[in-house]
Amino acid sequence: MKGERRMVPKATPTSYYGQPILKEHVWKGWIPAYFFAGGLAAGLSTIAFHSDRRGRKRLARRSWVASTAALGAGTSFLIADLGRPSRFHHMLRVAKPTSPMSVGTWVLSTFGPATGLAALASVTGWLPRVGRAAGLAAAALAPAMATYTSVLLTDTAVPAWSEARGELPFVFAASAMAAAGAVAIIVTPAAEAGPARRAAVIGSLAEAAGVRVMKESLGQLAEPYHEGHAGDLSSTAETLTLGGAAVVALLGRRRIPAVMGGLLIAAGSLAERFAVVAAGSASARDPSYTVGPQKARLAARAATAF
Amino acid sequence: MTSRVGFFTDTTLCIGCKACEVACKEWNHVPDDGLNFLGRSYDNTGELNADTWRHVAFIEQPALAPATGIKWLMSSDVCKHCTRAACLDVCPTGSLFRTEFGTVVVQEDICNGCGYCIPACPYGVIAKREPDGRVWKCTLCYDRLKGGMTPACAQACPTESIQFGPLDVLRGRAAERVSELHGQGVTEARLYGDDPNDGVEGAGAFFLLLDEPEVYGLPPDPVASTHRLSSMWRTAGTAGAAFALGLAAAFVGRRS
Ligand code: SF4
Ligand code: SF4
């Protein structure tokens, strides 16, 4: 989209000196990085669980360990982003169903230890029954872990997020699946990584398709996803994801291309999270994205009132 | 619970003196946020944020009387203390809470600066103070209310543009004021935020405006996103199921 001229001039509804109506989020890069890490861990734990059940020992073990590492990193990202990191445990003083961040905190604090335990059992061979139970718990929580972050964004006043509430959960779920498949490919010998390759390719295609559908249905609110920094990130993400998927699909049985394809897909997933967060900022910054849709809503309501 | 209180800001009475801004800063020890010249009429404060809890907006419009050439709309903006407050709903620590007066207040000893309330507020009110790391906004002078006093801004307002009192009383008074103005031919007078059926289920601080809300920097149809939370979780549930099925499907078939 960059460099193209807009065909329809952008309507500029009245504003107060062009000033934003909404406040932009003040999260640093830690938050989109956490979205990536959390999704990655959700997918890896699921891959590990199925691998356990099908006797794919190496894929299972390495995926459990990689998932635990991703969770460790992700949790530290979350804490690093807080204005008062030493108060991170204040998240645990309440359980609030009205807050997706509170729900997510509790999902993370059950999914995390379950994954860690399953990893420990898998690596050491100790307590196999505890390990199996923990693995089952992690796999059961994984879908929530992979998608709650999308609800965290759509449950805000930010136009480019809240109006994407029908599609963003699918984008995040697919992004998690793609990234997990990709990392499982990287950490496992090609001969044993068949399911991971399939997960990576299916996830990548679903992610790219999901983003396209989301932009389509957003109408004018897709602009923040196409323009500026977010637009650059989003098109980079698509190129990385689809390029990586092609490499894995065609050459994934050879070690070096498999690793390269996996890295591309993982980078695409990461870039997509940053793109979504940046698009939200852009849509909050421009008051016309707040005023325009709200005026349209009021007009539609007035029309049906007669 | 004592009866719910709030603000009715009648912008037709505002003279733009900014006594409310000053009184708020003084009483609440809100830090200095710069001595700025913004070039926006008499507005050098800019917006509501962590260090500005009352903000007087100045809008210059062409006047009918050609002698002056210009007229001002002035309005003292503030946190709306929403009935359905998205900031409060999404706060994961319980720092934001509803007081016995029906107002929405941040507990600064609880807030860990997660920042979630900031994009949740449909009015762009609540904001983070750096390097403090926590969020701050109008408390509707919670401490003064506890002492049976009027909030500092309403107390300082020399024209009673800012009126404080029980919300139901204020709503009645506002409706009367609008019909009085309509009677005087000021047909553009309208209430903003008084309707308990709006997207925030009625604001605890509402306004009488003389133009469209967006002219004052206010959203025309604010909605607390948490209204739609259950349908968002259902969508996420479907996406989560697709995720689980997709990964399970990757294991079906060939052993390679
Ligand atoms: S106006 Fe914003 S900060 Fe104030 S109560 Fe409503 S949602 Fe919260
Ligand atoms: S920044 Fe503070 S008040 Fe806002 S949601 Fe987080 S903990 Fe609650």
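**Close-up views of the chain A and chain B model**

**View 1. The interface of chain A and chain B.** Between chain A and chain B about 6200 Å² of area is buried, and carbon and sulfur atoms give 58% of this area. The model shown here is predicted. To the contact, chain A brings 74 residues and chain B brings 76 residues. Tyr16(A), Tyr17(A) and Lys23(A) supply 13% of the area that chain A buries against chain B, more than any other three residues.

**View 2. Helices of chain A on the side that touches chain B.** Several helices of chain A each supply at least two residues of this side, among them helix H1 (30-53), helix H2 (57-81), helix H3 (100-124) and helix H11 (287-304). H4(A) gives the most, with 8 residues. By class, the side of chain A that touches chain B has 36 nonpolar, 21 polar and 17 charged residues.

**View 3. The surroundings of ligand 1.** Residues of chain B surround ligand 1, including Cys79(B), Cys82(B), Cys87(B) and Cys121(B). Lys80(B), His81(B) and Lys137(B) are also among the residues around ligand 1. The shell divides into 9 nonpolar, 1 polar and 2 charged residues.

View 4. Around ligand 2 lie residues including Cys91(B), Cys111(B), Cys114(B) and Cys117(B). Pro92(B), Leu96(B) and Val135(B) are also among the residues around ligand 2. This shell holds 7 nonpolar and 5 polar residues, and no charged ones.

**View 5. The two domains of chain B.** In the domain assignment, chain B has domain 1 (5-225) and domain 2 (226-256). Domain 1 of chain B puts 9 residues into the contact, and domain 2 of chain B puts in 5 residues. The centres of the two domains, taken over C-alpha atoms, are 43 Å apart.

**View 6. The interface of domain 1 and domain 2 of chain B.** About 550 Å² is buried between domain 1 of chain B and domain 2 of chain B, with 45% given by carbon and sulfur atoms. Arg84(B), Val223(B) and Ser225(B) supply 68% of the area that domain 1 of chain B buries against domain 2 of chain B, more than any other three residues.

Technical notes: Residues are numbered from 1 along each chain as its sequence is written. Chains are lettered from A and ligands numbered from 1 in the order in which they are written. This is a predicted model: local features need pLDDT of at least 70, side-chain atom pairs count only at pLDDT 80 or more; totals for chains, interfaces and linings use all residues. Side-chain values use heavy atoms; hydrogens and water are left out. Domain bounds come from an automatic or database domain assignment. Contact means heavy atoms within 4.5 Å. Buried area is the accessible area (1.4 Å probe) that two parts lose on being put together, summed over both. A residue is near a molecule or strand if one of its heavy atoms lies within 4 Å of it. Ala, Val, Leu, Ile, Met, Phe, Trp, Tyr, Cys and Pro count as nonpolar, Asp, Glu, Lys and Arg as charged, and the others, Gly among them, as polar. Helices (H or I, at least four residues) and strands (E, at least two) are DSSP runs, numbered from the N terminus.
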